[in-house]
Amino acid sequence: MSVRELVVLGTASQVPTRHRNHNGYLLRWDGEGVLFDPGEGTQRQMLRAGVAAHDLNRICVTHFHGDHSLGLAGVIQRINLDKVPHPVTAHYPRSGQRFFERLRYSTAYRETVGITEAPVDADGVLATGASYRLEAARLSHPVESYGYRIVEPDGRRMLPERLAAHGIKGPDVGRIQREGSIGGVSLDDVSEVRSGQRFAFVMDTRLCEGVHALADGADLLVIESTFLDEDEQLAVDHGHLTAGQAARVARDAGVRHLVLTHFSQRYSEPDEFERQARAAGFEGELTVAHDLLRVPVPKRR
């Protein structure tokens, strides 16, 4: 049975706190695992969450500030220590190539797994597989930063009443799906488009076109809300979002489940993030993330 869920490994911005680890997010998507922004301490958080190195197929780094990348060294060495048997691909801004190399080879270890480096230098599709397409979009932060988006290809939903009206049943149902038509009846006559699921990951950024493009139609949006609305000027100055801004993005994009994360250490009460997000008009499912939380991707529409 396929599993699609987000495992939150850490939710703190800039520095960890007593209750929040540095960033780290694992998306389980069917049989694959995509690790986003492994900050310091990610390897230990993986152990606490029951996530193994063998679960990782891709690593996606939005940018090379420490709270989003200092855990790379430990994660990569663990991948090698455990001799992960499948390919692992790393995506990150090409401008940070030197940082990736420093983290990858920061200490001596035996390299048993070849990490495929696939740096990002423009918006667009990074990889295409059987169950998803990985895309990237440029964000607005003091250093080059990219957000990521996973899109499942659209499928077809067979409509029993239309099949029955056309006398199509048994093996012929599979046949019309494969061939597109039977006896003058087309697939469009007996089915409808089923939109694929969409996941978006938006970290350190001001409001920009990339934020809206990534969030558009997302079933699950994980987005930074470093500051509360009263500190909006701080957010603008440092290249971040507020809770209200993130919620308005989700509202306008038709997001079904919004996950707020990446909180400044100046705030100790998470309820205010939810209150401001609701005040901004977001009416969908809303989660203020905490470490080791698991969030399922909403079922298909």
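Analyst: The model is a predicted one, in which local features need pLDDT of at least 70 and side-chain atom pairs count only at pLDDT 80 or more, while totals for chains, interfaces and linings use all residues. Residues are numbered from 1 along each chain as its sequence is written, and side-chain values use heavy atoms, with hydrogens and water left out.

User: Which residues of helix α1 are buried?

Analyst: Helices (H or I, at least four residues) and strands (E, at least two) are DSSP runs numbered from the N terminus. Buried means under 20% relative accessible area, exposed over 50% and partly exposed in between, with a 1.4 Å probe and protein chains only. In α1, residues 42-49, the buried ones are Thr42, Gln45, Met46 and Ala49.

User: Which exposed residues does the face of α1 turned away from its buried side carry?

Analyst: The buried side is covered by elements including β1 (4-10) and α3 (72-81), where contact means heavy atoms within 4.5 Å. The face turned away from it carries the exposed residues Arg44 and Leu47.

User: How are the rings of phenylalanine 36 and phenylalanine 201 arranged?

Analyst: Rings of Phe, Tyr and Trp (its six-membered ring) pair if their centres lie within 6.5 Å; planes under 30 degrees apart count as stacked, over 60 as edge-to-face and the rest as tilted. By this rule there are 9 aromatic pairs. Here the centres are 4.6 Å apart and the planes at 25°, so the pair is stacked.

User: How many residues apart are phenylalanine 36 and phenylalanine 201?

Analyst: Both residues are buried. Phenylalanine 36 belongs to strand β3 and phenylalanine 201 to strand β14 (residues 198-202), and the pair links distant parts of the chain, 165 residues apart.

User: What volume does the largest cavity have?

Analyst: On a 1 Å grid over the protein atoms alone, a cavity is a set of points where a 1.4 Å probe fits but cannot get out, and lining residues have an atom within 4 Å of a point. The lining is Ser195, Gly196, Gln197, Asp219, Arg300 and Arg301. The volume, the space filled by probe spheres set on the points, is about 40 Å³.

Notes:
1 Å grid on protein atoms, 1.4 Å probe; cavity = no way out; pocket = protein on both sides within 12 Å on 5 of 7 lines; lining within 4 Å.
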